[in-house]
Amino acid sequence: MADDSIAVVDLDRCQPDRCNYECANYCPPNRTGEECITKRGEMADDGDPIEGDPEQIRISEELCLGETCGICVEKCPFDAIEIINLPQELDDEPTHRYGDNAFALYGLPVPAPGNVTGILGPNGIGKSTAVKALADELVPNLGEYGGDADWEAVLDRYRGSELQNYLTQLIDEEITVARKPQYVDQIPKQFDGNTRQLLEQTDERGALDELVERLSIQPIMDQPIDSISGGELQRVAIAATLARDADFYFLDEITPYLDIGQRMVVARLIRELADDPDAERSMLVVEHDLAILDLLADTLHVAYGEAGVFGVMTDPKSVRNGINEYLEGYLNNENMRIRPESITFEEHAPRESTRGTPLVEYPEISKSYGDGEFSLDVDSGMIYEGEVLGVVGPNGIGKSTLAKLFAGSVEPDSGGLGFDLDISYKPQYIEIDQPMRVDSFLSSITDEFGTSYWDTEVAKPLQLNSIMEQQLTDLSGGERQRVAIAACLSEPADLYVLDEPSAHLDVEQRVQATSAIRRYAENHDATALVIDHDIYMIDLLADRLMVFDGEPAQHGHAAAPQEMRAGMNDFLADLDITFRRDEGTGRPRINKPGSQKDSQQKRDGEYYYSA
């Protein structure tokens with residue numbers, strides 16, 4: 001294979017008991033007598049460890065003809081093979097590779113002393129691998145996956161680079177690190193106790209009381225860790241990380257499960273810790289919420305590549321340029337096209353909605369879960385055919401209760417909803433316990449499954465084709481989310497209710513999901529009600545807005561649907577946040593609190609962009 005190519009075999013998909021080794025039989029080098037594609041068990045003679053089933057295949061990257069051939073990729077009935085040309089600028093050897101024909105990471109981000117460094121890129125591209133390496137939880141093997149990894153070899157690789165000083169201090173144990181894991185839902189499996197016990201173990205700076213207050217986790221301090229919600233777990237994990245007395249803090253995704261107000265609180269805490277003049281602390285944040293990343297970071301590394309195949313970390317960029325280049329899909333310094341199409345915002349909100357035929361006029365509604373429990377009051381309003389209605393508000397304010405009321409899974413106490421509507425509902429938390437393949441599950445929902453229209457409008461934008469043969473129970477959080485969105489849109493319905501469709505999705509997946517929802521609503525003249533905390537997604541998606549306010553976990557109030565500008569002004573004013581548009585891309589950007597732009601927009605009453 002050419003030096004700039006890589007071969008990856010997905011062992012979860014490679015099923016030798018269900019094929020005739022078409023990949024090996026049609027491989028040109030194999031047909032000339034060379035052993036390019038062989039069984040993994042045949043590696044044992046070389047003394048190398050066998051990864052996966054001995055009957056599964058491996059590909060010799062020395063003998064493979066590369067992407068220009070690609071016959072094995074086409075012949076594999078399970079899409080288990082990827083042959084990819086690497087960017088020519090890459091070094092010959094990766095920073096870390098997980099095994100033979102496995103994922104490879106090229107480059108590492110540079111944690112800058114006293115700064116907040118951001119990492120932006122798709123899922124499955126090596127961001128968490130890079131964080132683990134910098135946090136000394138993984139020693140990069142420099143592509144030599146068959147032997148023991150050695151920090152001295154890593155130091156030699158990066159000698160003379162900006163990473164050298166950091167790596168030297170890390171190896172010599174001259175610096176301390178603290179890392180917040182990406183998947184906070186794994187914490188209850190690793191810790192058996194209550195919130196207070198967990199946090200008291202990490203309070204090295206004496207900052208626990210302040211963190212508990214600002215992150216609003218007092219009510220759950222004595223609750224068992226395995227009984228609290230995803231948003232509460234996220235805030236506990238952030239508190240536990242920031243309570244440590246470290247030189248470098250690594251925070252892998254800080255916004256999942258949090259509403260925008262909570263995201264702003266976390267961003268301010270991180271920023272204050274980095275700006276503390278009495279201690280030179282550094283932060284590295286992996287994040288998909290572009291508005292928060294833009295507000296928080298000083299510099300930005302863009303991660304690109306092929307999910308599950310290889311990932312590349314760029315040199316640091318300015319945050320604004322890095323995000324804009326990422327959205328454009330073209331990296332200037334690297335001269336690299338990372339996406340065929342750019343992500344644009346100019347044509348979107350705030351826009352005047354075109355009101356069509358009324359779908360439903362609903363009365364005032366109230367719902368209480370009992371004396372002293374949460375209650376919700378909903379103002380009367382109108383929903384129109386073919387519109388996308390965005391729903392925003394804090395966590396615990398009743399948004400999911402509204403979705404359940406509309407879906408009919410919860411009965412109101414007053415204001416009966418006599419809807420004669422077919423409603424398709426995607427819940428906030430997706431529980432999948434069916435032992436069924438993705439394609440079988442989706443084909444059981446719609447007769448359009450497999451048609452060119454369904455493939456174009458649903459499967460392709462939601463990136464489902466690569467997971468069709470997987471079991472539902474084996475899917476990741478992001479894969480489950482995309483299947484759940486597809487299932488919701490595939491049900492014949494008048495109203496599609498989607499609760500937090502952005503959860504677990506990266507930036508590109510969110511944009512694709514947004515496109516799928518809008519296009520499906522427009523082409524079917526159907527109406528969608530979308531609850532989400534990602535302002536970018538709401539900005540791209542919604543025609544009008546329903547705003548919730550009240551006291552979380554006690555009482556919620558839902559205003560009647562409003563035009564985007566009026567609704568966002570109400571919502572952002574309550575949070576004391578102003579947004580502006582980037583001059584180059586039109587994307588939403590949060591103004592720095594107290595800045596001239598922030599102050600002027602507040603005086604003008606225009607929290608959602610300038611008029």
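1. Buried means under 20% relative accessible area, exposed over 50%, and partly exposed in between (1.4 Å probe, protein chains only). Gly193 is buried, at a relative accessible area of 18%. Gly193 sits in the loop between α7 (187–190) and α8 (195–202). Helices (H or I, at least four residues) and strands (E, at least two) are DSSP runs, numbered from the N terminus. Leaving aside residues up to four places away in sequence, Gly193 touches Pro224 and Ile225; contact means heavy atoms within 4.5 Å. Pro224 is 31 residues from Gly193 along the chain, yet their C-alpha atoms are separated by 5.6 Å.

2. A note on the basis. This is a predicted model, in which local features need pLDDT of at least 70 and side-chain atom pairs count only at pLDDT 80 or more, while totals for chains, interfaces and linings use all residues. Residues are numbered from 1 along each chain as its sequence is written, and side-chain values use heavy atoms, with hydrogens and water left out.

3. Domains. The protein is divided into domain 1 (5–91), domain 2 (104–176 + 246–331), domain 3 (186–242) and domain 4 (358–427 + 493–575). These bounds come from an automatic or database domain assignment. The C-alpha centres of domain 2 and domain 4 lie 35 Å apart. Their contact takes 16 residues from domain 2 and 16 residues from domain 4. Domain 2 and domain 4 bury about 1,400 Å² between them, with 57% of it on carbon and sulfur atoms. Buried area here is the accessible area (1.4 Å probe) that two parts lose on being put together, summed over both.

4. Helix α13 (residues 319–328). Seven of its 10 residues are buried, so α13 is largely enclosed by the rest of the structure. Among the buried residues are Val319, Ile323, Tyr326 and Leu327. The cover includes β7 (116–120), α12 (290–296), β11 (299–306) and α18 (507–523). Just after α13, Gly329 takes a positive phi of about 85°.

5. Helix α4 (residues 127–134). This helix is mostly covered, with six of its eight residues buried. They are Lys127, Thr129, Ala130, Val131, Ala133 and Leu134. Asp136 follows α4 and has a positive phi, near 65°.

6. Helices α17 and α18. Helix α17 (residues 477–490) packs with α18 at an angle of about 5°, and their axes are 11 Å apart. Axes are lines fitted to C-alpha atoms, for helices over the stretch in contact, and angles run from 0 to 180 degrees between N-to-C directions. The two helices are therefore roughly parallel to each other; that term covers angles under 35 degrees. Arg482, Ile485, Leu489 and Ser490 in α17 meet Gln509, Ala513, Ala516, Ile517 and Tyr520 in α18. The contact divides into six nonpolar, two polar and one charged. Ala, Val, Leu, Ile, Met, Phe, Trp, Tyr, Cys and Pro count as nonpolar, Asp, Glu, Lys and Arg as charged, and the others, Gly among them, as polar.

7. Helices α10 and α11. The axes of α10 (residues 230–242) and α11 (residues 260–275) come within 12 Å and cross at roughly 5°. Arg235, Ile238 and Leu242 in α10 meet Gln262, Val266, Leu269, Ile270 and Leu273 in α11.

8. Two loop residues. Most residues other than glycine have a negative phi. Tyr257 is not a glycine but has a positive phi of about 75°. Tyr257 lies between β9 (248–252) and α11, and is buried at 18%. Asn335 also has a positive phi, about 50°. Asn335 is exposed, with a relative accessible area of 54%.

Methods: Angles under 35 degrees count as roughly parallel, over 145 as roughly antiparallel, 65 to 115 as roughly perpendicular and the rest as oblique.
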